[in-house]
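Me: I should like to learn how to read a structure of this kind, feature by feature. May we begin with confidence and then turn to the contacts?

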Amino acid sequence: MMTRTLSKVTTVPAGLSSGRKAKNAFMSALITLGTIIVVAPLIWIFVYLLAQGIGALSLDFFTKVPAPEGETGGGWLNAISGSLIMLLIAGVVGVVVGVSGGVFLAEFPRHRLMPTIRMVSDVLSGIPAIVVGLVVYSLVVLTTKHFSGFAGGLALGLLMIPIVVRTTEEVLKLVPVAVREAGLALGLPQWRVIVSVVLPAATSGIVTGVMLALARVAGEAAPLLFTAFGNNLLNLDPSKPMSALPLQIFIGATSSYDINQNQAKAGSLVLIVLIFLASLAARAATRQKR
Amino acid sequence: MTTRLTLPKRPLPNSKGDGVFRTVIIGLSLVIIAVFLLSVYLLGRDSIPALQQFGLSFLSQTVWNPVTKQFGAASLIAGTLITSFVALLISVPLALASAIFVAEYAPKWLANPVSYLVELLAAVPSVVYGLWALFALKPLIQKFQLFLYTSNPDLVTQCSTLRGEGRNSVACFFMPEAPVGLGLMLAIIILTIMILPYTASVARDVIRLVPSDQREAMYALGATKWEVIRGAILPFARAGITGGIILALGRALGETLAVAMVIGNVPEFASNIWGSTATMASMIALQFGDAQEALHRSSIITLGLLLFFVSVIVNYSARLIIARLTPQGIK
């Protein structure tokens, strides 16, 4: 028995069996192929927009409002200004509520409301943007009886809150406890420690989180459909209907006029370049910090 | 001099400031809960007319017709579930492959750019995906459909007679009715691409958290790289990956404009993989603006309420699974 096994072993060549080797190589190839398939669409989209969109980009695109339906010329000043104004409103809502929520979760971990607020915030982050649009429609548009930039900005702000809460909480937890204790040992009340010691130490991280949140909602068109509604004229008054880049892209892409479709491609190019730059900047900021 | 020293100018700890600060912070944090409750209240209130009219048959009725005032969401629910689950089925292996590649195979100079590209994929707005699908993918699909048409002329006639009689067959299930490009297939493709980064980035993070002694122990037993991934890494990262998959499912269920732009938006069951259908989210996006009539409006808001609850449940269970199944020590 013993000798048999021994003699058998000596006949098997050293190292892995060819079957296992082949399987290993096959899976490596499959994994690499899968990765290429994952990354390819991004490159394809970017190259496509660059090739198709750059032709419609001109100075007019940034300085004029859309030409009447079916006519050539015109630009997207209404959408660019609308996006900026609504992002500003969204930023205020998102930062005020989001940072407060993050401070609450990180600095009052033993409060009895803490688990509920963390759970609700996490759950809110998964609510589809279109549903948030419906809620803000009921809340603002039905009450004021008209579409407005305020409503659009609020919808985007609500979408920002969970993202800002999460990043603020994580960043605040990175501030060492010793720093807090040092502040308290100097006789500072807790609020002074949080406002003058902890928050300044975490500022760059919070700014990164806010930038990422802004970049994320800057591309949302679904919640603006029934809140900001869109506007072909230049409008800087947030109590009136407003356009936004993603909204204008949606309208342009589904339009049957070539000029609108081309401008939608140019608008998409502008939008994703802005979003990529914002997330690159945010990423660079965190890397520096580390 | 001495009196000035004994009288501190600075407020003592536990001063009024703490109370005020605490109240402000808690007050603002309660806004988060208020938003949640307000959403439930407003969506619930506005969907009462439709729920009173249709009751639970709203979920099972298949006719969605604003003209005859019949609203049943069955075909929309089916559209949402089919697109989401098929997209998930295709995207999970791809996402896992890219996560394993980044965490286990790629050298650092390659891993960082690749994982950054995957993250950018999540940053591309929905409308841009929709636009790309409409202008770049649709013509390709049309070409392919035309190819199916011209290469199987007999099947085309056979399918059109079958469809005329309201029947279907396996072969016809893969045969387009007309080379229009838009429809279920394109929606699934675009949805697959859109949810890839969610699973991929969560999976990558948990795979990186797998302790290296797990890997080393398996290598020491003479395992190949694939066997290590299969036997040590994937089981260990199981919880996180499952959570990531469920989060991606949540995204897919609520994805709106990209799908609305390419699915055709017809509130009927698709009779083949190319057919036009609609999802709950695409229906909200494309009909709510034009819905003048109260019952129509209310029915659409009921779809919103349904989506709201589904996404709450999906997200909550994802967090629960991540928290429960995560092995101690890598939390």
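Reply: Let us begin with confidence, which is expressed as pLDDT, the predictor's confidence in each residue, from 0 to 100. Chain B has a mean pLDDT of 89, with 93% of its residues at 70 or more. This is a predicted model, in which local features need pLDDT of at least 70, side-chain atom pairs count only at pLDDT 80 or more, and totals for chains, interfaces and linings use all residues. Residues are numbered from 1 along each chain as its sequence is written, while chains are lettered from A and ligands numbered from 1 in the order in which they are written.

Me: What is the mean pLDDT of chain A, and where in chain A is confidence lowest?

Reply: Where pLDDT is low, the predicted coordinates should not be read in detail. The mean for chain A is 90, and 94% of its residues reach 70 or more. Within chain A, the lowest confidence falls in helix H1 (residues 2-11), with a mean of 50, and the highest in H4(A), at 96. Helices here are DSSP runs (H or I, at least four residues), as strands are (E, at least two), numbered from the N terminus. For the complex, the predictor gives an ipTM of 0.90 and a pTM of 0.91.

Me: Which domains does the assignment give for chain A?

Reply: Domain bounds come from an automatic or database domain assignment. In chain A this assignment gives domain 1 (16-56) and domain 2 (59-289). Their centres, taken over C-alpha atoms, are 32 Å apart. Contact between two residues requires that their C-beta atoms, placed from the backbone, lie within 7 Å; by this rule, 7 residues of domain 1 of chain A are in contact with 8 residues of domain 2 of chain A.

Me: How many residues of chain B are in contact with chain A, and which helix of chain B gives the most?

Reply: 72 residues of chain B are in contact with 68 residues of chain A. Helix H2 (residues 16-54) of chain B gives the most to its side, with 17 residues. To describe such a side, residues are sorted by class: Ala, Val, Leu, Ile, Met, Phe, Trp, Tyr, Cys and Pro count as nonpolar, Asp, Glu, Lys and Arg as charged, and the others, Gly among them, as polar. The side of chain B that touches chain A has 51 nonpolar, 16 polar and 5 charged residues.

Me: At what angle do H4(A) and H2(B) pack?

Reply: Axes are lines fitted to C-alpha atoms, for helices over the stretch in contact, and angles run from 0 to 180 degrees between N-to-C directions. H4(A) and H2(B) pack at about 110 degrees, with their axes 8 Å apart. H4(A) is therefore roughly perpendicular to H2(B), since angles under 35 degrees count as roughly parallel, over 145 as roughly antiparallel, 65 to 115 as roughly perpendicular and the rest as oblique. Among the residues that meet are A:Val96 and A:Phe104 in H4(A) and B:Ile25 and B:Ile32 in H2(B). The contact of H4(A) with H2(B) comprises 9 nonpolar, 3 polar and no charged residues.

Me: How do H5(A) and H2(B) pack?

Reply: The angle between H5(A) and H2(B) is about 50 degrees, and their axes are 9 Å apart. These two helices are therefore oblique to each other. On H5(A) the contact includes A:Thr116 and A:Leu124, and on H2(B) it includes B:Ser29 and B:Phe36.
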